Amino acid sequence: MHLAIASALLGATMDIDQKKLIEFGIFGELTLDGAVVGVPGILPLVMGLEEEGIKKVIVPWENRKEAFLARGCKIYPVKNLQEAVKVIESEDEDKYLYNELSTILIIAKSLVGSVTTTSAL
């Protein structure tokens, strides 16, 4: 089953706030145990949502890096249905955002430090 269909069913039964649900684009396949597995071609899918004005996108964890390339969207990677519901229902969904920038900044700072040290010698 598609994660989006499962989410829509939860919205229809009022288990998820419908007003919050419609703010998200949702991709992924669900296994029988509720795990979310990746889908091929996530980048063009996310970019299509971006063009339609949808800026919040829930994606499978294994698709997070590719989806992150769509810079105009907030990417929320999930590993299971429960995590997707948490993102949608959260008052502060940004705490679930995927963000590689902190990793990039740490690497950049270490490189700058080594360049500065080398230049000083």
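A nonpolar core is taken here as a set of buried Ala, Val, Leu, Ile, Met, Phe, Trp, Tyr and Cys residues joined through side-chain atoms within 4.5 Å. Buried stands for under 20% relative accessible area, exposed for over 50%, and partly exposed for what lies in between (1.4 Å probe, protein chains only).

The model is predicted, so please keep in mind that local features need pLDDT of at least 70 and side-chain atom pairs count only at pLDDT 80 or more, while totals for chains, interfaces and linings use all residues. Residues are numbered from 1 along each chain as its sequence is written, and side-chain values use heavy atoms, with hydrogens and water left out.

1. **The main core.** The largest nonpolar core has 14 residues, and those with the most contacts inside it are Leu 3, Phe 24, Ile 26, Ile 58, Val 78, Val 87 and Ile 88. Two or more residues each come from H1, S1, S5 and H5, where helices (H or I, at least four residues) and strands (E, at least two) are DSSP runs numbered from the N terminus. H5 gives the most to this core, with three residues. Apart from this core lies another, of 13 residues, among them Phe 27, Val 39, Leu 49 and Ile 75. As background, nonpolar side chains tend to be buried together in soluble globular proteins.

2. **Val 78 as a place to look.** Not counting residues up to four places away in sequence, Val 78 touches Leu 3, Val 36, Ile 58, Val 59, Pro 60, Trp 61, Glu 83, Ala 84 and Val 87; contact means heavy atoms within 4.5 Å.

3. **Helix H5.** Ala 84, Val 87 and Ile 88 are buried in H5. Seen down the helix axis, the buried residues of H5 fall within an arc of 95°, so they line one face of the helix; the arc is that of the directions from the helix axis to the C-beta atoms. The cover over these buried residues includes helix H1 (3–12), H2, strand S1 (24–26), S4 and S5. At the N-terminal end, Asn 80 caps H5, with a side-chain oxygen 3.1 Å from the backbone nitrogen of Gln 82.

4. The structure holds four salt bridges, each defined as a side-chain nitrogen of Lys or Arg within 4 Å of a carboxyl oxygen of Asp or Glu. One of them joins Glu 91 and Lys 20 (3.3 Å, N to O). Glu 91 lies in the loop between helix H5 (81–89) and helix H6 (101–120) and Lys 20 in helix H2 (residues 18–21), so this pair ties together parts that are 71 residues apart in sequence. Glu 91 is exposed at 73% relative accessibility, whereas Lys 20 is buried at 16%.

5. **Lys 56 and its partners.** Lys 56 also forms a salt bridge with Glu 93, with the closest N and O atoms 2.5 Å apart. Lys 56 sits in strand S4 (residues 56–60) and Glu 93 in the loop between H5 and H6, 37 residues apart. Lys 56 is buried, with a relative accessible area of 17%, and Glu 93 is buried too, at 13%. Glu 23 joins Lys 56 and Glu 93 in a network of salt bridges.

6. **Lys 74 and Asp 94.** A salt bridge brings together the side chains of Lys 74 and Asp 94 (3.3 Å, N to O). Lys 74 is in strand S5 (residues 74–78) and Asp 94 in the loop between H5 and H6, 20 residues apart. Both ends are partly exposed: Lys 74 at 34% relative accessibility and Asp 94 at 35%.

7. **Aromatic pairs.** A search of the whole structure finds two aromatic pairs. Rings of Phe, Tyr and Trp (its six-membered ring) pair if their centres lie within 6.5 Å, and planes under 30 degrees apart count as stacked, over 60 as edge-to-face and the rest as tilted. Phe 24 and Tyr 76 have ring centres 5.6 Å apart and planes at 70°, so the pair is edge-to-face. Phe 24 belongs to strand S1 and Tyr 76 to strand S5, 52 residues apart, and both are buried. Phe 68 and Tyr 98 are also edge-to-face, 5.4 Å centre to centre with 90° between the planes. Phe 68 is buried at 11% relative accessible area, and Tyr 98 is buried at 12%.

8. **A backbone check.** Met 14 has a positive phi of about 70° although it is not a glycine. Met 14 lies in the loop between H1 and H2 and is exposed, with a relative accessible area of 61%. Most residues other than glycine have a negative phi.

Key. A polar contact is a pair of N or O atoms within 3.5 Å; within protein, one must be able to donate a hydrogen and the other to accept it, and residues adjacent in sequence count only if both atoms are side-chain atoms.
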